[in-house]
Amino acid sequence: MITAGCDIGSLTAKAVILRDGEEIIGYDIIRVKTNPGASAREALERASEKAGVSNTEIEAIVGTGYGKDSVPFASQTVSEISCHARGAWWSLPSVRTIIDIGGQDSKAIRIDENGNVARYIYNDKCAAGTGRFLEVMAKALDVDLAQMGELAEKSTETIRISNQCVIFAETEVVSLINEGRETCDIIRGLHHAMANRVASLAKSIEVHEEVVMTGGVAKNSGMFSALSEGLGLPVRALPIDPQINGALGAALMAADIVAKK
Amino acid sequence: MKFAAGCDVGSLTSKAIIMDGNRIVGTGIVKSKAKPELSAEAAMNAALSNGGITMEQIGYCVGTGYGREKIPFVDETKSEIACHAKGARWLAPSVKTVIDIGGQDCKAIKLDNNGNVENFVTNDKCASGTGRFLEVMADVLDVDINELGNLSARARSPITFASTCTVWAQADVIKYINSGVPIEDIGAGINNAMAKRVAILASAVRAEKEVVMTGGVAKNRGVVSTLEKILGYRIRKIRRADPQLAGAIGAAVFSLEKLNGYQKEAV
């Protein structure tokens with residue numbers, strides 16, 4: 001049985017191909033285009049190619065994410081919250097809290113021992129605490145977003161960034177640069193500012209161990225230590241690419257549909 | 001006769017006021033520099049030369065604003081809340097509520113019948129609802145910030161934003177520009193968003209008539225008229241001086257009271 005999950009986010013589209021609801025045989029992540037339908041199709045095609053399966057072999061496809069209603073070939077659409085819970089619980093059954101930080105939103109989901117969603121909270125109203133925060137700061141610092149984690153490790157001095165608002169923090173970063181502060185120290189300060197924002201969101205639903213971080217921001221190693229500090233609990237990574245957790249959950253949901261037939 | 005002075009060092013502009021008795025005789029407004037002490041000096045020098053006065057003739061000077069602790073020449077510093085309340089009351093003696101929108105913050109101050117501060121709320125955590133919001137939007141729209149307010153009157157169907165966040169609103173504005181929405185409709189949407197956000201602060205202090213607006217945004221007609229619609233009554237227009245000067249005026253009035261030995265409140 002081959003199933004697929006398609007997660008259309010605000011910045012990236014992800015597709016996961018699953019065999020028998022048990023094994024990830026291919027996945028891909030692409031930048032979204034203006035047309036979400038086309039993004040979904042391309043992500044799915046590329047994941048299928050990697051998995052070595054053809055479109056006709058896929059028995060069910062579940063769509064999720066911000067653009068889920070534009071996935072043209074979906075058998076069904078499921079909320080992101082359910083998909084993230086399902087994907088994380090499948091990858092790591094001991095997980096109880098999932099913190100997902102995407103390009104334009106962040107969410108915290110608490111699940112029970114059976115993988116059911118107990119509580120969740122969502123922020124898509126304020127850019128602080130989303131991937132956009134780091135994106136803007138990387139630009140202000142003139143560093144590559146993907147390098148921020150590595151750079152933060154070189155930090156020797158603690159800088160406290162007092163603003164959480166993206167607009168105000170950007171100004172603060174510019175004045176820190178002008179004061180001659182080290183880039184790596186500023187970056188570590190930014191990770192903490194961002195982590196504190198996300199931690200306060202997560203704390204409102206009570207964070208239980210084990211905690212995992214997913215989403216594009218989870219590719220930044222510096223965010224793990226910052227978020228662990230912010231929460232006062234260790235935060236770990238899933239044993240999969242952190243960006244595909246939602247699509248994986250969707251592919252698992254698709255396997256459920258086929259099994260029920 | 002010694003003059004009374006007030007100096008308000010803000011994040012974007014710095015202002016100085018010199019008073020002779022109850023009359024403003026010198027005004028200085030400058031763009032804030034990297035260091036607050038330099039901003040204060042520049043504003044004060046501008047006010048001195050505007051009034052044809054020398055520093056030696058200043059009898060007392062009160063400093064306020066975000067950079068007040070760094071002003072070298074002041075005799076005393078006062079909070080922005082106290083100075084804005086004092087300044088607004090000098091500008092409009094019947095004021096009960098002051099809404100001050102600065103470059104990086106926004107405050108609503110409620111006064112009692114004697115002009116004392118009864119209650120206040122500030123927002124300096126989020127750029128939305130502060131002057132920075134309008135600054136960022138004017139920049140994206142490529143219009144002069146002083147022109148932004150005039151766009152509202154010419155709008156047919158103002159746009160709305162999904163969230164109050166400046167960052168997301170900026171992305172929305174770019175989308176609207178690219179899809180060919182008239183600039184007037186976008187500008188009006190920006191002014192409305194600003195007014196709605198400010199109205200939340202106003203209701204938090206239970207705003208009552210008369211309401212005056214201080215700070216540079218008071219000159220934006222679009223924001224003011226939407227805020228009036230939300231409040232359900234007119235905002236009192238300030239004619240005695242530029243509303244942007246309220247904090248510095250308040251500081252100067254404090255100095256004046258000091259010079260007068262607190263004998264009577266200057267009105």
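## Close-ups of the contacts in a two-chain model

**Figure 1. Salt bridges between the two domains of chain A.** Let's start inside chain A, where 2 salt bridges are counted between domain 1 and domain 2. One to look for pairs Lys107(A) with Glu80(A), and their closest N and O atoms sit 3.0 Å apart. Keep in mind that this is a predicted model. Residue pairs in polar contact are counted too, and between domain 1 and domain 2 of chain A there are 8 of them, with both residues at pLDDT 80 or more. If you follow helix α2 of chain A (residues 80–91), you are on the element that gives the most to domain 1's side of this boundary, with 6 residues. Sorted by class, that side of domain 1 of chain A holds 8 nonpolar, 4 polar and 2 charged residues.

**Figure 2. How the two domains of chain A meet.** Where the domains touch, 14 residues of domain 1 of chain A are in contact with 26 residues of domain 2 of chain A. Between them, these two domains bury about 1600 Å², with 68% of it on carbon and sulfur atoms. Which residues in domain 1 of chain A lose the most area to domain 2 of chain A? They are Ile81(A), Trp89(A) and Leu92(A), and together they make up 40% of what that side buries.

**Figure 3. The domain boundary in chain B.** Now hop over to chain B, where the assignment gives domain 1 as 1–92 + 242–267 and domain 2 as 94–237. In chain B, the C-alpha centres of the two domains lie 26 Å apart. Domain 1 of chain B puts 13 residues in contact with 25 residues of domain 2 of chain B. The buried area between the two domains of chain B comes to about 1500 Å², 66% of it on carbon and sulfur atoms. On the domain 1 side, look for Ile81(B), Arg89(B) and Ala92(B), which lose the most area to domain 2 of chain B and together account for 37% of what that side buries.

Figure 4. How many salt bridges does the rule find across the interface of domain 1 and domain 2 of chain B? The count is 2. Elsewhere in your view of chain B, the side chains of Lys219(B) and Asp242(B) meet in a salt bridge, 3.3 Å from N to O. The rule also finds 7 residue pairs in polar contact across the boundary between the domains of chain B, both residues being at pLDDT 80 or more. Helix α2 of chain B (residues 80–91) brings 6 residues, the largest share of the domain 1 side. By class, that side of domain 1 of chain B has 7 nonpolar, 3 polar and 3 charged residues.

**Figure 5. Where chain A meets chain B.** Last stop: the place where the chains touch, with 14 residues of chain A in contact with 14 residues of chain B. Together the two chains bury about 1100 Å², 66% of it on carbon and sulfur atoms. On chain A, look for Lys125(A), Ile167(A) and Phe168(A), which supply 53% of the area that chain A buries against chain B, more than any other three residues. What the rule does find is 3 residue pairs in polar contact, both residues at pLDDT 80 or more. Helix α5 of chain A (residues 166–178) provides 4 residues, the largest share of the side of chain A that touches chain B.

Terms used:
Residues are numbered from 1 along each chain as its sequence is written. Chains are lettered from A and ligands numbered from 1 in the order in which they are written. This is a predicted model: local features need pLDDT of at least 70, side-chain atom pairs count only at pLDDT 80 or more; totals for chains, interfaces and linings use all residues. Side-chain values use heavy atoms; hydrogens and water are left out. Contact means heavy atoms within 4.5 Å. Buried area is the accessible area (1.4 Å probe) that two parts lose on being put together, summed over both. A polar contact is a pair of N or O atoms within 3.5 Å; within protein, one must be able to donate a hydrogen and the other to accept it, and residues adjacent in sequence count only if both atoms are side-chain atoms. Helices (H or I, at least four residues) and strands (E, at least two) are DSSP runs, numbered from the N terminus. A salt bridge is a side-chain nitrogen of Lys or Arg within 4 Å of a carboxyl oxygen of Asp or Glu. Ala, Val, Leu, Ile, Met, Phe, Trp, Tyr, Cys and Pro count as nonpolar, Asp, Glu, Lys and Arg as charged, and the others, Gly among them, as polar. Domain bounds come from an automatic or database domain assignment.
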